[in-house]
Amino acid sequence: MSDVEGIPFDAPLYHGGKDRGSSFLGCQAISLMFRVGHEVNRLLPNGLVPAANPAIAIVGVASYRSSTVGPYLECYSGVQVRDPGGETGYYIPYIYVTTNDAALASGRELLGAPKKLAHITLIREGGLIQGTLERPDGKRLLTLTAQPDQRMSSGSRQMYSARTNFYSVRHLPPINESGKGAVTQLVKWCTDRTLRRDERGEEILFTGPISLTYDSPSIVDPVHNLKVGQALLGIYEEYDAMLEAIDIISQELNQVNS
């Protein structure tokens, strides 16, 4: 067996960092935490339950200027959950990346993150920062617009964590109608972010008015299933990060009679 994490074995798209995980440098991100209704329960796999009532969701757009799989942009949606061990984090039902095959493949193959290729932007104009997601080009799925004009207070910071658990479902479909080869795993992973500091030594972590709109719903990419309720916290952050796979929480194997 080869110790190479990706395939093909002689020329994989990515190489794993078993000792220290994956690195991300010079990151910028905006995100919105908001309340959602009970309809999110149908998006959650067995073993995870909402961590709050009403449930809390997050949608964000991030730019990774440098990483172990190269630079790319990402748009993600998550539901705050509690796992069987009592720890909290975000289950990721939808996640998109720009045209970076290594970022797409490593996320899906290693973690089960359901990454798809899409057109993502993160731009700044004056005091506003805007993130967009389109798939295909011209089909605007969502727009996230922020005005991060104040540093995050200690009260708001209680909702923010630099180390965050994530959960995703890694599914290997069967090779044919016999069902042979099917495997479904609930995977736990995490990111540990170190906030960058400005010239005065203060962390670059801001909040302010932020809006999320689902511009053009799509049955193919139903990110609008996380219906926006009460806005809780808008976040703008600049950071470096490490990503690490933690564990397989549960696994379902297809049983085939010999």
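**Notebook: salt bridges, cores, pockets**

I started with E203, which has 24% relative accessibility and so counts as partly exposed. A reminder to myself: this is a predicted model. The side chain of E203 meets that of R197 in a salt bridge, with 3.5 Å from N to O. I looked up R197 as well: its relative accessibility is 52%, so R197 counts as exposed. Also on my list was a network in which R151, D198, R200 and E202 are joined by salt bridges that share partners.

How many salt bridges does a search of the whole structure find? I got 14. I picked out the one between K188 and E87, where the side chains meet at 2.9 Å, N to O. K188 sits in strand β12 and E87 in the loop between β4 and β5, so this pair ties together parts that lie 101 residues apart in sequence. Are the two partners buried or exposed? K188 has 8% relative accessibility, under the 20% cut-off, so I put K188 down as buried. E87 comes out at 42%, so E87 goes down as partly exposed.

Next I checked D221 and R135, whose side chains also form a salt bridge, at 2.9 Å from N to O. D221 is in the loop between β14 and β15 (231-253), while R135 is in the loop between β8 and β9; I noted them as distant parts of the chain, 86 residues apart. D221 has a relative accessible area of 2%, so I logged D221 as buried. R135, at 26%, is partly exposed. As background, side chains of opposite charge can pair when their charged atoms come close.

**Nonpolar cores**

I then turned to the cores. In the largest nonpolar core, which has 37 residues, F34 and L133 touch the most other members. Several strands each give this core at least two residues: β1 (22-36), β3 (55-67), β4 (72-82), β5 (88-97), β8 (128-134), β9 (140-146) and β14 (210-213). There is a second, separate core of 34 residues, and M33, Y72, I92 and A102 are among them.

What is L133 in contact with, once neighbours within four places in sequence are left aside? My list reads C75, Y96, A118, H119, I120, K139, R140, L141, L142 and V223. For context, nonpolar side chains tend to be buried together in soluble globular proteins.

**Pocket and cavity**

I looked at the second largest pocket, which has a volume of about 270 Å³. Its lining is made by 13 residues, and R108, E109, R170, H171 and L172 lie nearest the centre. I traced the lining back to α1 (101-111), β11 (163-172) and β12 (183-195), each of which supplies at least two residues. By class I have 7 nonpolar, 3 polar and 3 charged residues in the lining of this pocket.

Last, I asked how many cavities of 30 Å³ or more the structure holds. There is 1. The largest cavity has a volume of about 30 Å³. I wrote down its lining as A146, Q147, P148, T207, G208, P209, I210, G234, I235 and Y236. Where does the largest share of that lining come from? From β15, with 3 residues. The lining of the largest cavity splits into 6 nonpolar and 4 polar residues, with no charged ones.

Methods: Residues numbered from 1 in each chain as written. Predicted model: local features only at pLDDT ≥ 70, side-chain atom pairs only at ≥ 80, totals over all residues. Heavy atoms only, no water. 1 Å grid on protein atoms, 1.4 Å probe; cavity = no way out; pocket = protein on both sides within 12 Å on 5 of 7 lines; lining within 4 Å. Points joined across faces, edges and corners; volume = space filled by probe spheres on them. Helix = DSSP H or I, 4+ residues; strand = E, 2+ residues; numbered from the N terminus. Nonpolar A, V, L, I, M, F, W, Y, C, P; charged D, E, K, R; others polar. Core = buried A, V, L, I, M, F, W, Y, C linked by side-chain atoms within 4.5 Å. Buried < 20%, exposed > 50% of the residue type's maximum accessible area, 1.4 Å probe, protein only. Contact = heavy atoms within 4.5 Å. Salt bridge = Lys/Arg side-chain N within 4 Å of Asp/Glu carboxyl O.
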